[in-house]
Amino acid sequence: MTSTPNNSKVFLAAYLGILSAFAPFVMDMYLASMPEIVNYFSTSSSSVQMSLAVCVVGLAIGQLLFGTISDSTGRKRPALWSLVAYLIVTFGCIYSPSIQWFIALRFVQGLASSGGVVIARSIVADCYTGNELTKMYGTVSMINGIATVLAPVFGGFIAVHHGWQGVFWTLQFLGLAMVPCTLWYRETLAKENRISIAPHSLLLSIKHLLGNSAYLIPCIGYSMLMSLIIVNLSSAPFIMTKMGMGEGGISLTLGANAIALAIMAMASAHFRNQKFLMTVSAIVILIGALWVAVVLWIADSYWLYESGVLVIYLGLGALNTASVSLAMDAGRAQAGMSSALLGALGYLAGGISTALEGLSDPFITTPWLLLSLAIITLSLSIIPAKK
């Protein structure tokens with residue numbers, strides 16, 4: 001890539017990191033406000049939880065939509081469209097007249113915010129190749145990991161002082177701040193590299209990607225990564241509570257795990273052989289999963305449990321950089337669609353894992369899910385990949 005003042009590496013790293021962080025902020029920032037939202041709308045907790053579920057669905061569908069459009073029109077215009085839609089809908093969330101309106105608008109908010117997530121990955125593939133691509137994905141992953149930590153903590157602080165509407169005003173400000181950055185960004189997808197969004201062309205693009213094992217294998221690996229994270233996040237509070245941890249300790253633990261993932265994602269960007277790194281990270285994840293399973297089966301120790309989880313997150317950090325880099329490098333000819341499928345499959349796998357996690361007690365389901373997902377990840381990593 002030829003560096004310009006508009007698209008300098010520093011600007012792109014910050015801009016794309018924040019764009020990709022829209023998902024954790026939109027999903028997690030209002031979690032601490034849920035009880036207040038229940039009271040505000042005089043509704044049930046399950047109704048407010050539905051607003052999170054539909055947001056995740058919107059994030060999955062929206063990535064397919066914006067990723068496809070960006071391959072045809074370029075990255076800049078759909079990025080601006082998604083931001084404008086996001087700003088309008090977030091404003092609507094603040095002044096929702098009922099819980100039904102709030103749930104519907106949360107779906108559209110997830111849909112709109114997905115534009116930034118999918119386009120951020122596409123822009124990296126437009127601009128970089130090889131080791132430079134890996135390094136940029138490592139930087140973006142680190143920023144995304146930090147956002148994952150900050151979102152619920154920062155959201156809880158705002159909710160205490162300014163209520164749940166204050167959280168959504170903060171999300172509104174975040175969107176507004178990204179508008180001038182998007183206007184400053186210089187288009188990275190040349191007109192000659194754009195593809196048609198006619199149904200026949202789209203089906204051919206999807207068929208090509210799904211038939212490309214160099215893309216499909218790391219793409220499924222990324223889905224396993226999302227599943228492992230969601231299984232841990234959905235089960236850890238219940239497990240640690242039974243082990244005697246309070247809310248403060250649980251928050252600190254989840255934060256430490258996310259920081260470990262972010263640091264390893266950045267550090268692993270310096271490895272040149274990302275396919276080998278994917279295998280190593282899968283082995284580390286399996287070791288951690290075995291560790292956690294044994295602890296949950298025969299022990300009741302927070303420190304032993306957290307040690308195993310920390311090993312898993314170190315492996316996940318490396319897997320994050322490796323899987324995204326390999327998938328987007330293999331699918332760079334259709335970067336928007338490649339990014340869209342990657343994100344949509346990740347959220348779909350995470351949703352299925354959440355449903356499986358809820359079938360029984362976390363002490364029963366968590367060990368088996370972690371082991372199963374780790375074994376699938378390792379199996380994928382040793383399959384030869386060919387375009």
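I took rings of Phe, Tyr and Trp (its six-membered ring) as a pair if their centres lie within 6.5 Å, with planes under 30 degrees apart counted as stacked, over 60 as edge-to-face and the rest as tilted. By ring pairs, Tyr30, Tyr40, Phe41, Phe102, Trp164 and Phe168 are linked into a cluster.

I noted that this is a predicted model, in which local features need pLDDT of at least 70, side-chain atom pairs count only at pLDDT 80 or more, and totals for chains, interfaces and linings use all residues. Residues are numbered from 1 along each chain as its sequence is written, and side-chain values use heavy atoms, with hydrogens and water left out.

I counted the aromatic pairs and found 17. I looked up Phe41 and Phe102: the pair is tilted, because the ring centres are 5.6 Å apart and the planes stand at 40°. Phe41 belongs to helix H3 (residues 34-41) and Phe102 to helix H6 (residues 99-127), so the pair ties together parts 61 residues apart in sequence. Helices here are DSSP runs (H or I, at least four residues), numbered from the N terminus.

I then checked burial (buried is under 20% relative accessible area, exposed over 50%, partly exposed in between; 1.4 Å probe, protein chains only). Phe41 is buried at 13% relative accessibility, and Phe102 is buried at 0%.

I next examined Tyr95 and Trp169, an edge-to-face pair with 6.4 Å from centre to centre and 80° between the planes. Tyr95 is exposed at 53%, whereas Trp169 is partly exposed at 38%.

Definitions and conventions: Helix = DSSP H or I, 4+ residues; strand = E, 2+ residues; numbered from the N terminus.
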